[in-house]
Amino acid sequence: MVTIIAYGEALELMEKGKYDAAIGAFKELGEYKDSEEKIEEITNEILPSIAYVEAVELMEAGDYKEAISVFSELGDYKNSNKKIQGIAETVESKGKISTAIYALQSVNDYEKVQNILEKYRYLISAGGYNTAGLKSDGTVVAVGSCFFGQCDVGDWENIVALSAGATHTVGLKSDGTVVAVDSNRDRIGDVGDWEDIIAVSAGGGHTVGLRTDGTVVAAGSNSHGRCDVGDWENIVALSAGATHTAGLKSDGTVVAVGSNISGQCDVDDWEDIIAISAGGHTTVGLKSDGTVIAVGCNRYGQCNVYDWKDIVAVSSSSPAINSGHTVGLKSDGTVVAVSVIRDGRGDVGDWEDIIAISAGGGHTVGLRSDGTVLAVGGNYDGECDVEGWRDIGPAH
């Protein structure tokens, strides 16, 4: 009799929509009647149906992040994944890039995430003691030290990507040629004859460029063999560090040349990598599952990234004397950083709606989806004076 009463009470809880309590009651009944089937009905049919309706209402109300979160929890239920992909397309068209990234990452569409980020990755760059930003009209702005001429970019036009190194700045033009400003120490700016370039990276005393055919060119000091990239093939991304160069291959493996004094070139066993960043004496790699690996100098904790998750972009500190931090962009548009140096370079915990990041010698910059820029850290030469920047973004 007691069991019959308990079963009736469980059914009543279920009818009143008190599903958690009903599940608990049915569990206590064990195999009595259809108790197990009722639990399955609530868990696999009723609750997902309610959540799905809630997610659709959130989506229609424009509360996209909450809708994505609910749809994501539903997994394969109905067309939840397609709904998330639809949200991604909608918010991207509205300029809500960080939300689009969050949506695509939640359905493990890593390729589309990287395709979106590629449009913004090279729009800001933190150098040794300077910061450069690319405006949507193809011109460039720069603040900070200009001791080596690295901020003399006022006459640049038709730029589609840029990179700031320790003492020089490099710009990729829409026609595949490259421009550079520096003191031309070690001929690091000898890029005038480069053609068919699709990506550039400025290092400590050298510059590297990626050709359309997947090969790489280099200029500047070849100390430690950092420019020995002539035999590289199938490269899809590259990064110049202080005294080394790293390249990402199309198969997700990584190659590196140059100084290995701190183990920064020990990347032979890396796999499933989708993005890389070479810093002062470190190399950081982003895996397709959103985790991060790092090798090299860890004096300032810059390699302590192994507990990071949901990362979509990484940046290791610019090849400058005081470099020593690593920054990661999360799929929800927030940012994480590691460093034991207490000059504010890692104070990014309150950043939101970020779509690109760059770690400089002693500072960190982040690009918001509205085209404005944030900066923290040592402002020794005005490298963080970016408050007035607007319209940083890809060409319209």
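# Contacts, cores and hairpins

Student: Which residues is L367 in contact with, leaving aside its neighbours within four places in sequence?

Tutor: Contact means heavy atoms within 4.5 Å. By that rule, and with neighbours within four places in sequence left aside, L367 is in contact with Y120, L123, I124, D353, I354, I355, A356, T372, V373 and I392.

Student: What kind of model is this, and how are residues numbered?

Tutor: This is a predicted model: local features need pLDDT of at least 70, side-chain atom pairs count only at pLDDT 80 or more, and totals for chains, interfaces and linings use all residues. Side-chain values use heavy atoms, with hydrogens and water left out, and along each chain as its sequence is written residues are numbered from 1.

Student: Which residues have the most contacts inside the largest nonpolar core?

Tutor: A nonpolar core is a set of buried Ala, Val, Leu, Ile, Met, Phe, Trp, Tyr and Cys residues joined through side-chain atoms within 4.5 Å. Buried means under 20% relative accessible area, exposed over 50%, and partly exposed in between (1.4 Å probe, protein chains only). The largest core has 58 residues. Its residues with the most contacts inside it are F71 and L367.

Student: What percentage of the protein's residues count as buried?

Tutor: The C-alpha trace spans about 90 × 40 × 40 Å along its principal axes. Of the 396 residues, the share that counts as buried is 54%.

Student: How many helices and strands does the protein have?

Tutor: Helices (H or I, at least four residues) and strands (E, at least two) are DSSP runs, numbered from the N terminus. The total is seven helices and 21 strands.

Student: Within what arc do the buried residues of α7 fall?

Tutor: Helix α7 covers residues 110–118, and V113, Q114, I116 and L117 are buried there. They line one face of the helix, because seen down its axis they fall within a limited arc. The arc is that of the directions from the helix axis to the C-beta atoms. For α7 the value is 160 degrees.

Student: What is the average twist in the sheet β7-β8-β9?

Tutor: This is an open sheet of three strands with antiparallel pairing; two strands pair if DSSP finds at least two bridges between them. The edge strands β7 (197–202) and β9 (216–220) each pair on one side only. Axes are lines fitted to C-alpha atoms, for helices over the stretch in contact, and angles run from 0 to 180 degrees between N-to-C directions. From one strand to the next, the twist averages 20 degrees.

Student: Which residue of β8 stands opposite V200?

Tutor: Five of the six residues of β7 are buried. A hairpin joins β7 to β8 through three residues, and five bridges link the two antiparallel strands. Opposite V200 stands G209.

Student: Which residue in β9 stands opposite L210?

Tutor: Strand β8 (residues 206–211) also pairs with β9 in the antiparallel sense, over five bridges. L210 faces V216.

Student: How far is the backbone nitrogen of S223 from a polar atom of the side chain of S221?

Tutor: S221 is in the loop between β9 and β10. With a relative accessible area of 14%, S221 is buried. Residues up to four places away aside, S221 touches D186, I188, G205, H206, R226 and C227. The separation asked for is 3.2 Å.

Student: Which residue in β11 stands opposite A240?

Tutor: β10 and β11 (residues 244–249) run antiparallel and are joined by five bridges. Opposite A240 is T245.

Student: Which residue in the hairpin of β14 and β15 takes a positive phi?

Tutor: β14 (residues 282–287) pairs with β15 in the antiparallel sense over five bridges, and V284 stands opposite A294. Four of the five residues of β15 are buried, so the strand is largely enclosed by the rest of the structure. Four residues lie between the two strands, and the positive phi, near 85 degrees, belongs to G290.

Student: Is D307 buried or exposed?

Tutor: D307 lies in the loop between β15 (292–296) and β16 (311–316). D307 and I293 are 14 residues apart in sequence and 9.5 Å apart in space, C-alpha to C-alpha. The relative accessibility of D307 is 61%, so this residue counts as exposed.

Notes
A polar contact is a pair of N or O atoms within 3.5 Å; within protein, one must be able to donate a hydrogen and the other to accept it, and residues adjacent in sequence count only if both atoms are side-chain atoms.
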